[in-house]
Amino acid sequence: MEIETLVWATITLIILYLTWKTVSPVVSPLIIAVTLAYILYPVHERLSAKVGSRWSAFILTGLLTLISFLFILGFALWINDVKHSLTDYVDTFFAWLLGLNLPAGAYDLLQRLSQAITERFNAYVLGYTYSLPKLALQVIVMVFAFYGVLVNAIEIKREIYSLFPPTNRELAEKLIESAAQTLHYMLRGWLFVSVTKGMAMAFAFYLFGVSDTGGAIAAGILTVILELLPFVGGWMVWLGGSFYLYTSGRLGAALALGLYGAFLVSPLPDVFLVKTLGRRKWGVNALVSLVGIFGGYIAFGFVGIIIGPLSLSLLITLLDEWKKEKASKVKNRPARQG
């Protein structure tokens with residue numbers, strides 16, 4: 001009996017290993033596909049009421065395919081310019097931070113973080129620069145997975161809930177609820193808004209002649225990142241662009257970019273959107289967002305922006321439930337007899 005159990009355990013491990021080796025190259029596009037499906041699912045529901053579920057999924061998938069094709073084309077044309085511009089922007093941003101009167105510990109942390117982000121970004125981009133076919137295959141996987149998730153969303157949700165163990169079902173549901181809240185807050189809320197602001201900023205940098213196409217795209221990416229972080233925002237990007245135009249003697253363009261950025265990027269849009277999206281939290285939650293986004297990016301690449309905050313929110317939920325369980329045991333413990 002023990003030999004039979006050992007044999008089946010070995011077979012199971014081999015199957016799991018082969019499955020992981022098969023799936024690991026496409027984990028990132030699968031995560032992106034699920035993320036996009038989650039963001040666009042309300043649109044899919046409204047469209048399904050008019051044309052049906054499969055046609056709705058087909059239309060949204062077609063749009064995603066077109067955008068993905070344009071992305072690959074832009075990646076091939078502008079990636080080197082974007083890489084150099086974004087590296088310069090990030091270095092300038094961290095140089096400004098490091099120039100502040102910071103404690104020694106914070107200074108060392110920011111310095112290491114600056115080096116790690118730049119190295120990680122260069123390695124990430126370099127890996128795809130020499131392997132555009134790999135990028136194209138991952139995009140194809142993402143598109144098909146996106147369609148499958150939209151069409152089978154109800155069945156997938158039902159299967160996930162059916163896997164919950166009966167003994168700890170309440171804890172599992174709380175974890176799912178915590179993940180849903182984080183995803184809703186980050187993805188359907190500030191991430192969607194941040195991407196829109198990034199596109200607006202990229203258009204402005206190109207329109208007002210702050211930089212070429214690659215630099216404008218890099219400015220848009222930096223705007224998205226800064227908008228996701230607490231304490232800062234996209235105003236730092238348009239302010240830097242306006243300052244560059246001002247020092248170049250283009251006062252009208254500097255003023256126009258400043259007004260454009262203030263009204264369409266930051267901070268005025270946040271004032272009107274705060275009631276709809278909720279105010280970005282400070283304190284511990286701000287630290288979680290900061291560590292989650294930066295740490296997730298350094299560990300997993302761009303998908304880490306999603307994985308990092310999500311994993312930390314689940315950890316916080318587990319810790320809260322553990323503290324409640326511990327407090328409940330202490331409260332219900334019978335008093336000792338004197």
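Thr61 is buried, as its relative accessible area is 10% (buried means under 20%, exposed over 50%, and partly exposed in between, using a 1.4 Å probe and protein chains only). This is a predicted model, where local features need pLDDT of at least 70, side-chain atom pairs count only at pLDDT 80 or more, and totals for chains, interfaces and linings use all residues. Residues are numbered from 1 along each chain as its sequence is written, and side-chain values use heavy atoms, with hydrogens and water left out.

**The whole chain**

- The protein chain has 13 helices and 0 strands (helices are DSSP runs of H or I with at least four residues, strands are runs of E with at least two, and numbering starts at the N terminus).
- Of the 338 residues in the protein chain, 37% are buried.
- Take the contacts between residues at least 6 apart in sequence: 71% of them join residues at least 24 apart (contact means heavy atoms within 4.5 Å).

**Around helix α3**

- Back to Thr61, which sits in helix α3: setting aside neighbours within four places in sequence, Thr61 is in contact with Val143, Phe146 and Tyr147.
- On the surface there's a nonpolar patch made of Leu66, Phe69, Leu70, Leu73, Leu77, Trp78 and Ile217, with about 680 Å² of accessible area together.
- Patch residues have over 30% relative accessible area and no salt bridge, with like charges joined within 9 Å and nonpolar side chains (Val, Leu, Ile, Met, Phe, Trp, Tyr) within 5 Å; a salt bridge is a side-chain nitrogen of Lys or Arg within 4 Å of a carboxyl oxygen of Asp or Glu.
- Helix α3 (residues 53-98) gives the patch its largest share, 6 residues.
- Ile217, also in the patch, belongs to helix α8 (residues 213-228) and counts as partly exposed because its relative accessibility is 30%.

**How helices cross**

- Helix α5 (residues 132-151) and helix α6 (residues 153-162) have axes that come within 4 Å and cross at roughly 75° (axes are lines fitted to C-alpha atoms, for helices over the stretch in contact, with angles from 0 to 180 degrees between N-to-C directions).
- That makes α5 roughly perpendicular to α6 (under 35 degrees is roughly parallel, over 145 roughly antiparallel, 65 to 115 roughly perpendicular, and the rest oblique).
- Here Val149, Leu150 and Val151 of α5 meet Ala153, Glu155 and Ile156 of α6.
- The axes of α8 and helix α9 (residues 235-247) come within 8 Å, crossing at roughly 140°, so α8 is oblique to α9.
- On the α8 side, this contact uses Ala219, Leu222, Thr223, Leu226 and Glu227, while α9 brings Trp235, Met236 and Val237.
- α9 and α10 cross at roughly 170°, their axes coming within 8 Å, so these two are roughly antiparallel to each other.
- Among the residues meeting there are Trp238 and Gly241 from α9, and Leu251 and Ala253 from α10.

**Two spots to look up**

- Tyr244 lies in helix α9 and, at 42% relative accessibility, counts as partly exposed.
- Tyr244 and Val210 are 34 residues apart along the chain, and 7.5 Å separates their C-alpha atoms.
- Ser266 and Pro267 are joined by a cis peptide bond, with omega about 10°.
- Most peptide bonds are trans.
- You'll find Pro267 in the loop between α10 (251-264) and α11 (268-277).

How values were computed: Accessible areas come from the Shrake-Rupley method with a 1.4 Å probe; for residues, only the protein chains shown count as cover.
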